[in-house]
Amino acid sequence: MILQKIIFPSENRPEELYIRKKDEIISFDTYFNAFSLEKWKKYTNLKNIMIEIILEDDNKKYDNEKDDVNKNKYNFVKQTNNIENHIKTTNNTNEIYQENNYNKETNEDIEIKFYTKKISDNKIKNIKSSDIEKKEIKNIKKEKNIYKIDFLECVDKDILYFTLKEKDIKKIKQINYISNDSENEENKVNLGLVMCTYKREKYIQKFLHILPNILKSKDMQEKLKIYIIDNAGTLDTSKKYENVKILKNKNYGGAGGFTRGIIEATKDNVTNILLMDDDVEIEENIIERLISFLTVLKKEYKEYFIGGSM
């Protein structure tokens with residue numbers, strides 16, 4: 001399952017929220033793209049994590065399994081490739097990287113390096129060399145552009161991220177953090193998003209405008225329903241939106257509006273409810289990440305609240 005999709009920079013948002021650039025190296029240790037090993041380890045059933053890299057040409061369909069020439073051209077972590085695995089210490093940071101020659105004819109290389117960093121007092125600091133020496137870290141290649149990282153059980157209070165060369169970014173269509181060990185422990189998740197509003201049509205329209213991007217996958221269409229509670233009764237309800245209910249309500253304030261939304265959502269047998277202000281400028285993939293997190297949540301945390309933060 002996909003745990004977290006890498007989000008590339010948006011035109012109208014600061015680039016440093018998504019990537020960091022230095023000396024032609026792109027680093028993903030950022031607000032939107034670092035992977036919180038600490039939280040996933042503590043609260044979920046996750047036991048392994050992999051990085052999946054989809055190249056721009058990977059959208060081609062290979063129905064013939066004998067077409068190894070073309071497959072090897074685009075899948076740069078095939079077992080037949082010449083791959084060197086390295087574990088070393090650089091600047092007191094734990095670094096794992098693989099160099100992959102996925103197209104020997106043109107000698108094109110994509111180099112990806114993995115790092116872990118500690119979080120202390122809300123600041124990220126490098127792991128000490130002594131800590132690195134105590135950790136058993138394995139990096140196992142798999143087919144179809146997947147890097148499997150087997151050191152999750154050895155890591156505590158760390159984030160995971162990776163770096164790529166800037167010139168390689170144009171070759172990549174999508175990067176995902178994925179896992180394949182949670183199928184037997186997955187929770188059924190139907191998320192109800194409740195939004196309360198009062199005469200703030202421009203914010204609601206802004207949210208409805210990006211909604212098709214949130215619901216573009218069949219999985220999201222099945223797992224997400226939106227309830228907009230209109231305390232002013234001024235929203236246009238003549239236009240219908242996929243998976244959206246706009247409900248006029250007496251003005252009992254925010255508490256009354258959100259309560260109405262919760263009542264309506266429970267009628268539709270949702271498993272979890274997300275309360276969201278109407279003026280939130282949400283990143284489209286965040287709700288998908290939330291559903292993935294809830295899907296592998298440990299039983300002892302099913303009654304807990306998840307709080308968003310800046």
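## Strand pairing

Two strands count as paired if DSSP finds at least two bridges between them. In this predicted model, strand β15, residues 224-230, and strand β16 are joined by five bridges and pair in the parallel sense. Within this pair, Ile228 stands opposite Ile246 in β16.

Strands of a sheet pair through backbone hydrogen bonds, and the pairing may be parallel or antiparallel.

## The sheet

β15 and β16 belong to an open sheet of four strands, with the order β16-β15-β14-β17 and parallel pairing. The edges are taken by β16 (244-248) and β17; each has a single partner strand, so one side of each has no neighbour in the sheet. From one strand to the next, the twist averages 20°.

## Helices on the sheet

Helix α4, residues 201-214, lies across β14 (191-197), β15, β16 and β17. The direction of α4 is at about 170° to β15. Helix α6, residues 253-267, also packs on the sheet and touches β14, β15, β16 and β17. The angle between the directions of α6 and β14 is about 150°.

## A surface patch

Edge strand β17 spans residues 272-277 and contains Ile273. Is Ile273 buried, partly exposed or exposed? Its relative accessibility is 33%. Buried means under 20% and exposed means over 50%, with partly exposed in between, so Ile273 counts as partly exposed.

Ile273 is one of the residues in a nonpolar patch on the surface, together with Ile262 and Leu275. The accessible area of Ile262, Ile273 and Leu275 together is about 220 Å².

Definitions and conventions. Residues numbered from 1 in each chain as written. Predicted model: local features only at pLDDT ≥ 70, side-chain atom pairs only at ≥ 80, totals over all residues. Heavy atoms only, no water. Patch = residues over 30% accessible without salt bridge, like charges linked within 9 Å, V, L, I, M, F, W, Y side chains within 5 Å. Areas by Shrake-Rupley, 256 points an atom, 1.4 Å probe, with all protein chains shown as cover. Salt bridge = Lys/Arg side-chain N within 4 Å of Asp/Glu carboxyl O. Helix = DSSP H or I, 4+ residues; strand = E, 2+ residues; numbered from the N terminus. Buried < 20%, exposed > 50% of the residue type's maximum accessible area, 1.4 Å probe, protein only. Axes fitted to C-alpha atoms, helices over the stretch in contact; angles between N-to-C directions. Contact = heavy atoms within 4.5 Å.
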